[in-house]
Amino acid sequence: MRGLLLLVALLSTARAQTVVQGRVTDAETGGGLAAATVQVAGTSRGTVTNRAGDYEIRLPGGAADSLVVRFIGYATATRAVPASGRLDVALAPAVAALGEAVVTAGNPADRIMRRVIARKARWRAGLQTWRAQAYSRQTYRSDGEVVAVVEGQTTAFWDRERGLREVVTGTRRTGNLGALPTEVFTAADQTLNFYDDEVEFGGFDLMGPTNARALGFYTSTLDGRRALGDQLVYDLSFRPSNPLQPGLAGTLAVLAGADALLSVAVRPSGAVQFPLVNAFELTMEQQFSSFGQAAGGEAVWLPADFRMDAQAKPGNVLLRFPRIRFEVSSRLTDYAVNVAVPDSVYQRNGATVDSVAIAGGLTAAGVVPLSAEEERALAEIDSTRSLAEAFRPSGPLARFFDLSSSADAPATARSAGVSFSYAPVVAYNRAEAFRLGAKAGVSSPTASGAVEAGYQTGPGTVTARASAWAPVGRGVTVGAEARRETVPLAESFYVGTAVNSVAALAAGEDYFDYARRQGAAA
């Protein structure tokens, strides 16, 4: 009976929704406009177009009469929601009304950013909580070919004191990934916020462009002006004043009058380096929208999307990987500001899963459409096309690098009923940097033992583990172990040493949190 009720509820929801799809283009050239915003008039519900200009938005039946389509440098368009479910929109380029130039002392870009920083301080002070619907897609490529796709949708909650929590309500992935940690499907957590004072990326805490200290840290210039409908937008560029200081560099679009960031297009500055990564290219883009008001009546500006494209060629003459490309497309919608946040989502660390909602698949409004390559990957890639094979390295050290998705696979030998195993250890993660060493084991009918030793280049310490055990009869085994090592807090059969090392080398991120374990037990 419960199953029947759930089916009826899902079918009722499906009937009540209107799905609108379409493409946003330049009216003069016909080319698709990537990252144009499509928003339900008078609400905080919306989405963004993909790289080809395509969009999809799901609307509750009868809740929306029109959609508002915006893109900086173009006239804003408002269109009625069609009965057919298809709405293509061609935006006309718009010229900003520059007005009369006023000559004043000082850097005009600094004056603009000083106002943005002051306005942010006011609305941030009155922002206590928010709730939003979030979606994120991660696409992995090896030498240009899509080898894995992961999608997740969540309900996200943020509290000033308790931080961010997410409830996963839908997932999809290629068949070569199997079970994955819940955190892989989080959407808001995949979204950097360049309005933050500090932006954490790749193990660096990079100063955000709206940090109160940013005017002394970054050098900014005013590059030009554009229109957003009938509103004026300033285009600024910025970079660290000290080229040796890790930071961000790129462009900002600031909405005049509102003194708010509309969009950013940034990259880490040249001082942000990743070990053993050659030909590293990274771009990150984000748009912001006004969602409600904080205490005091100030408009709140929060991320509407996040797009990252990272390409790298990890390795050296001894260990070379294929060219890795990692893409993230996220969007957040249906914000509610300064609302009650359920205490239940903070009863545990990390994300939780709504098992009932997740059975319905990806249903949230504003899922960013997939490219043809991504659609094909989701339809065709199965468990026979493993990520380990897609990222198989070459070079003299390649035979020592574990490409299985589980534990290291040691070489073995047998003699007179005694089995010996041995294997080199080569791995990389953000806690240890490189871990280089070896492990060996011996097993016989009467006793077994194992030893592993290595060196962690990050903390510059030796790691070691030794254990021995023996059966004493009637299902009882006695043993002892001693260890001094760094270990992941939660291991995964599907994301093993090799795959995690590739991810950490390519983007400075990995799947796990780590702890230092030291001691002995018997």
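This is a predicted model: local features need pLDDT of at least 70, side-chain atom pairs count only at pLDDT 80 or more; totals for chains, interfaces and linings use all residues.
Strand E2 (37-40), strand E3 (46-48), strand E17 (277-293) and strand E20 (324-337) each give at least two residues to the lining of the largest cavity.

**The cavities**
- There are three cavities of 30 Å³ or more.
- The largest cavity has a volume of about 110 Å³.
- It's lined by 14 residues, and the closest to its centre are Gln39, Gly46, Thr47, Ala304 and Leu332.
- Sorted by class, that lining has five nonpolar, seven polar and two charged residues.

**The sheet with E2 and E3**
- Four strands make an open sheet in the order E3-E2-E5-E6, with antiparallel pairing.
- E2 and strand E5 (residues 66-70) run antiparallel and are joined by four bridges.
- Gln39 sits opposite Val68 in E5.

- The chain's mean pLDDT is 81, and 83% of its residues reach 70 or more.
- Confidence is highest in strand E15 (residues 248-255), at 95, and lowest in helix H1 (residues 2-16), at a mean of 39.
- Over residues 1-15 the pLDDT is below 50, and this stretch has one contact in the model beyond near neighbours in sequence.
- Residues 403-409 also have a pLDDT below 50, but that stretch has 19 contacts beyond near neighbours in sequence.

Definitions and conventions. Residues are numbered from 1 along each chain as its sequence is written. Side-chain values use heavy atoms; hydrogens and water are left out. On a 1 Å grid over the protein atoms alone, a cavity is a set of points where a 1.4 Å probe fits but cannot get out, and a pocket is an open set with protein on both sides within 12 Å along at least five of seven lines; lining residues have an atom within 4 Å of a point. Grid points are joined across faces, edges and corners, and a volume is the space filled by probe spheres set on the points. Ala, Val, Leu, Ile, Met, Phe, Trp, Tyr, Cys and Pro count as nonpolar, Asp, Glu, Lys and Arg as charged, and the others, Gly among them, as polar. pLDDT is the predictor's confidence in each residue, from 0 to 100. Contact means heavy atoms within 4.5 Å. Two strands pair if DSSP finds at least two bridges between them.
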